[in-house]
Structure formats: C-alpha cells, structure tokens
Amino acid sequence: MTANIDSSDTSARHSGYDAETYERLVQDAQQIIARYPVARSALLPMLHLVQSEDAYVSRNGIEFCAEQLGLTTAEVSAVATFYTQYKRKPNGEYTIGVCTNTLCAVMGGDEIFDELSEHLGIGHDETTEDGKITLERIECNAGCDFAPVVMANWEFMDNQTPESATQLVDDLRAGKDVTPSRGPHKICGFKAVSRVLAGFNDGRADEGPGAGAASIEGTKLAREHGWTADSAKLAPSGDDQSEVAPRTGEPGSSAERPAGKDEAK
Amino acid sequence: MTQYNTVLAPVLSAFWDQPNSWTLATYLENGGYEGLKKALTQKPEDIVTTIKDSGLRGRGGAGFPTGMKWGFLPPDDGGPRYLVVNADESEPGTCKDIPLMMAAPQFLIEGVVITSYAIGCNHAFIYLRGEVVHVYRRLLRAVEEAYAAGYLGKNIQGSGFDLDVTVHAGAGAYICGEETALLDSLEGRRGQPRLKPPFPAVAGLYSRPTVVNNVESVASVPQIVARGAEWFASMGTERSKGNGLFSLSGHVKRPGQYEAPLGITLRELIDMAGGMREGHELKFWTPGGSSTPIFTAEHLDVPLDYESVGAAGSMLGTRALQIFDETTSVVRAVTRWTEFYAHESCGKCTPCREGTYWLKQVLRRLEQGKGVEGDIETLLDTCDNILGRAFCALGDGATSCITSAIKYFREEFEAGMHTPASELFPPVRSALFEYTPKQRVALAGAGAH
C-alpha cells in the first residue's frame, strides 16, 4: 500500500510544502509507517505530525498524508474530521480544555469554563486574538479523582478553581513556563505536543511525578494499615512458591538483598 | 482506628508513591518481570490455563473471562495474530488505567509480553487515547527501556520468542473504546464499530485473529503468573475473583484510587475515603461509569462484584464510582451525560445517532424548567427504542442513566416542567470551591459542543 517516494521525482509534488520541509516530513512519515505492518495504520499519527507542522490539519497536510499512504484526499479528510483532536483551523499555542462532563461540571467545571470564557472573551473552540489560547469544553479525561480538571495541551491541571485556571491562561499568554500537576516540567506548545503524539518522544518522560495525591490515597492507606494483597487467605498450592517474587520489604526482596545483586541499579 | 471488614489489596498500585515509580529499575525492585521469567519456562497453553483458573475477568467493563477470550483464537495457521491493548480509557468517571500507566507502565508492558507469548503474537499494539500526552511519553519510554533490557525485541530473555510493541496514540473519540471501533481506528479509519460476528478473535486487526484486552486486565497478568492462579482467586467472591482498582470521585473527602478485592462495598470505600464531604450525605452514584445505571444510598451495602451489582439493577463496569451528594441535581447530571453520548455517537446507526440527539433536546428543556407534559414518557420511549437496537454498546449505555434516574428520582424530572434545575439545586452548592454566582452573557459558540 505504501507509495514509494522516488526522491529524484519529488520536485513535481511537495504537497504545497517547500522542498526542505517536505523532505523532513517524508523522513518522519517513513519512520511512522515503519511501525505498522500495514501502512494505512500510520494515518492517525501522521495527522498529528501534520499538526506539529501547521497547527491544524491543513490542505497541504491532507495531500501529504494521501500521497504518502496511497489514499485519496477524501479518504484522509473523512478520517481527520472524525476525531476531535484534529483541528480544522489553526489552533492557538495552547489548548485549554475544561472538563465539563458531569462529574467535573458539578464539582465546578461549569463555573471554571464560564469564568475563562468571560476572561478571555472567547467561547468553545475559539482562539484568542494573540493566537495563544484555544478554549474548549472537553469530555471526561480520566482524571475524575482530581476534579475539576483542566487539560493544558493535554497535560493535567488538577483540582482547579476559577482563580487557578485564570492564572494559568494569564501565565501562558505572558510567555511564562507553567508546570502541570502531573506532567513534564513545563507545558509545551501545541506543535511540540502534536509531534509527541505522532510517536516522537521528546525526552521528557522522566520529568514530573509518578502519581498525584489522589492516585495514591489507597496505596498510603494500605501501607498505614499494613494491608497487602496477601491479607486474604492463600489456598494451599502445589506450585513452586520459591519462584514467586518476594514483595517489597519482605525477606528476600531487594530491600533485604545485598545491593550488588540487583541488576537494575 | 476504624475497623474494616474488607481491606485493600494493592498490587498494581503498591508502589505508585515511590520515587521514579515509572522506571524499569523501580519495577524490578518490586518483583517486576518475575512473572515473565516464569512464563517463558512454561508452554503458552499452560499460561492460558493459569489465567482461566485465576478467574480474571475483563477489567474494561464487560467482565468477560480473560483466559476464555484468549482461548477463542483459532489454531495457528502460520500467519500473524495480534494483541491490542485497549488504553482508550474515556468512560465518564473512569480514571484507573491512566494513573496506572503514568505511575507504573511496566506492569502493562510485562503483561503484554506474557499475553503475547501465551497467544502466539509477535507484534502487539497499545492503543492509548491521544488526550494524555504525558502517559504517552511514559509508555514510549517504558517500551524503550524494555527493549534495552531484553524484555522486548528478538529472542526475549534467550527464549527464542520475539515481540515488537507499538504504542499508538488516538485522537479523541470515546467510541474507540469499543473494541471493533478501536481496531478500525488502529487501521487508520474512522472509529466506527464493526458487525459481530466475526469477532476479533477470528478476524480482528487486519482481519487476523486478535485479542483486545483492557489495560488493567493485561497488567494483572504478570502477578497472576508469578504468584499463581490460587493467590488471585483467593481474593474477591466466588464468581468475581481477584482484586481491582476502585476509583472514587466526587463529593467524598479523599477521592482517589483504592485497589481492593472485588466484593467490597461503597460503604466501606467511602469510609476509607474519609467519608462524604463535611455536612453532606450521599444522594446517587455510578458503580461503573456513566453507562451503568445509577444507584442511591439504598445500595451502599451492595457487594461490588459483577453478580451482586447486576442483581441490584446495574453493572460493575469499570468500578468508576462517581459520588454525588444531596446538593446535586439529577436532571443536570443526566442531561450532561446525555450531551456526552450525543456528542460521541459515531453516527453509524440510526437509533443511537438520532435517539441521543432527541434525548438531549428533551433533557435540556427539562433542565431549564421548560419541560412539557409527556416529556418523561418521551424519554422512556426513546430509551426503549435505543436499548438493544443500537449497533454497539454506546447506545445502550446512553439510556442507562436516564431510565435509572427516572426510576429513583422521577419527581425531579416532573419538577422540570416548571422549575429550572439550577433553582432547585443551585450549582454553587455542589462545587468544590466557593464562588459568587454571576449573571453572565453567553458568548457566541459558548454553548456549542
């Protein structure tokens, strides 16, 4: 299915991109396509790639994807218009998505959205004149235990209030770095984040916390009470129990073994 | 100190509070990859048997026995077969897989390797929703680390078994959590469900035999293999074995993730979460996300296992316990959920596409206190025409909150004929922060979604 790009013949068609950009995008696209047994599977990440270049799914981008994957532009457009993360007009540098699904809305998300909308002078899916902020109502983003949640370029801003959300957009518009609640050291721009979503890691995976406070409420409570998954009675088993990994802190676990034995350190 | 009848059973969440919990090093310090080492000494079919014996059931909502799902694959015909992990967690209220993959992604990676070995897969995919970029970074990094340490790639741990893993980011569509829509999306198409049969086990990704499993299901596999099926089956109830993440959100003092044996009750969980917020009482809750019929205070002692929740008229779903106190308008809650389903309906089938649209219209006027005579009957009739007639479970799920809310709180819908929900239940009282309500001028497009 993959259309082979003959590099000697690319002058004819660059999907509207200049030759240098085109070559770079082709390199990226080939890396993406190589991840899949069937080329068309690369389409979603390639649309993220297009957004990393143009900040939306541009006409050029649609042509580029179609040409690389041997699809028609209609087929590419049909896919691009199905998914909410693909933008049909240039996005702001930061997408501020306020969760207004039921749980977050009731916990205060509705008020946060209204406050931001008034403060910025824009409604849902609109962008400030300075091109910095695109405001969105978003659906549940799987952070309900941190409600109300705001996503800033798809990084978690937990336990928000109208004041904290207003501060967030003011800081971003002023060009200040903002650290998300559970994410890298700073919220990256829309294009940079789109490139990560195309599957190109930006080296920030090891930044930020492993878990937020709510995520570890149960972990902490269990530790406080000494509860483990073996508190339940074990049925006698003929299994070779000796091969079972010891749990942290128990005899034979890494806490008990000499450090040198632990190959991962 | 409070006495608890049921205690927590942290496995997947056991070390989320450790520094650098997401790294391979931390995972190995906590017994990581012991399950894989043991698995690679066994025949693949013996691992399938272990998972069957453990009683593990799909943790993505439907509760289908995981080992049986694996067993449905046809005999090897020499062609490829695939494992696709459903990491598209988007069901409203559901927030367990995302923190798991952020805090300890290696559970999933090890589970992917063992599962792939068990089903004869050499290329597995993790389909992650696109709206959680830091989780994507963590998964990409976890895969890199696993390759570097020889847990992925060629000849894994000298076993002769090869496995590649591709982590794929979606682009925002709830429907892609439906397993066949997910497969279409992963093939680079609009995420719309496929007609079943054929089931994915027979013709899934690229029309090849495919297992689609939820993140938590796959992540549970390594410790079952390491500690034995009996260990897992010793937790939980007779037919709902093992443990799972229970996600408490809303009007409780300490919302969060509580990993417990199946069969724990909401009363016990709320107790562990410090109780309801001060001065308030429970009004209604979802046992497993917005697609499961709501419960009320009378269901506080229902054991949260598949059978008991079903017998009480709902579904265990994803154990997404969204908890609302007496300040909350049921009509407002249900209207918002319905707007969600209307927004996320893929448009493929008429009952869901048209039905959710009309449900939304009727509910909006009820919320505004502008309902008309017969609206409740119209809602129930429309739900009746969607339930069981939609192409996939999205349509069925859309009706759950409406029919159950009318069953328990019919008077609030009747009040919607004359009084706005915001007068009966001022939103300011439900919010978790204090504010002074303002009269606002709605901006163009502000209500559109």
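**Exercise 1.** In this predicted model, find the bridge partner of Gly97(A) in strand 3 of chain A, and state in which sense the two strands pair.

*Solution.* Step 1: in strand 3 of chain A, Gly97(A) is bridged to Glu136(A). Step 2: strand 1 (residues 94-99) of chain A runs parallel to strand 3 of chain A, with 6 bridges joining them.

**Exercise 2.** Describe the pairing of strand 2 of chain A with strand 3 of chain A.

*Solution.* Step 1: strand 2 (residues 126-127) of chain A pairs with strand 3 of chain A over 2 bridges, in the antiparallel sense. Step 2: opposite Glu126(A) stands Leu135(A) of strand 3. Step 3: the hairpin of these strands has 5 residues between them, and Gly131(A) takes a positive phi near 75° there.

**Exercise 3.** Decide whether the faces of strand 3 of chain A are covered or open.

*Solution.* Step 1: in a regular strand, side chains alternate between the two faces of the sheet. Step 2: Ile133(A), Leu135(A) and Arg137(A) lie on one side, Thr134(A), Glu136(A) and Ile138(A) on the other, and all are buried. Step 3: with 6 of the 6 residues of strand 3 (residues 133-138) of chain A buried, the strand is therefore largely enclosed by the rest of the structure.

**Exercise 4.** Characterise the contact between chain B and chain A.

*Solution.* Step 1: chain B contributes 111 residues and chain A 107 residues. Step 2: together they bury about 8800 Å², 57% of it on carbon and sulfur atoms. Step 3: the rule finds 10 salt bridges across the interface. One salt bridge joins Glu118(A) to Lys438(B), with the closest N and O atoms 3.7 Å apart, inside the 4 Å cut-off.

How values were computed. Residues are numbered from 1 along each chain as its sequence is written. Chains are lettered from A and ligands numbered from 1 in the order in which they are written. This is a predicted model: local features need pLDDT of at least 70, side-chain atom pairs count only at pLDDT 80 or more; totals for chains, interfaces and linings use all residues. Side-chain values use heavy atoms; hydrogens and water are left out. Contact means heavy atoms within 4.5 Å. Buried area is the accessible area (1.4 Å probe) that two parts lose on being put together, summed over both. A salt bridge is a side-chain nitrogen of Lys or Arg within 4 Å of a carboxyl oxygen of Asp or Glu. Buried means under 20% relative accessible area, exposed over 50%, partly exposed in between (1.4 Å probe, protein chains only). Helices (H or I, at least four residues) and strands (E, at least two) are DSSP runs, numbered from the N terminus. Two strands pair if DSSP finds at least two bridges between them.
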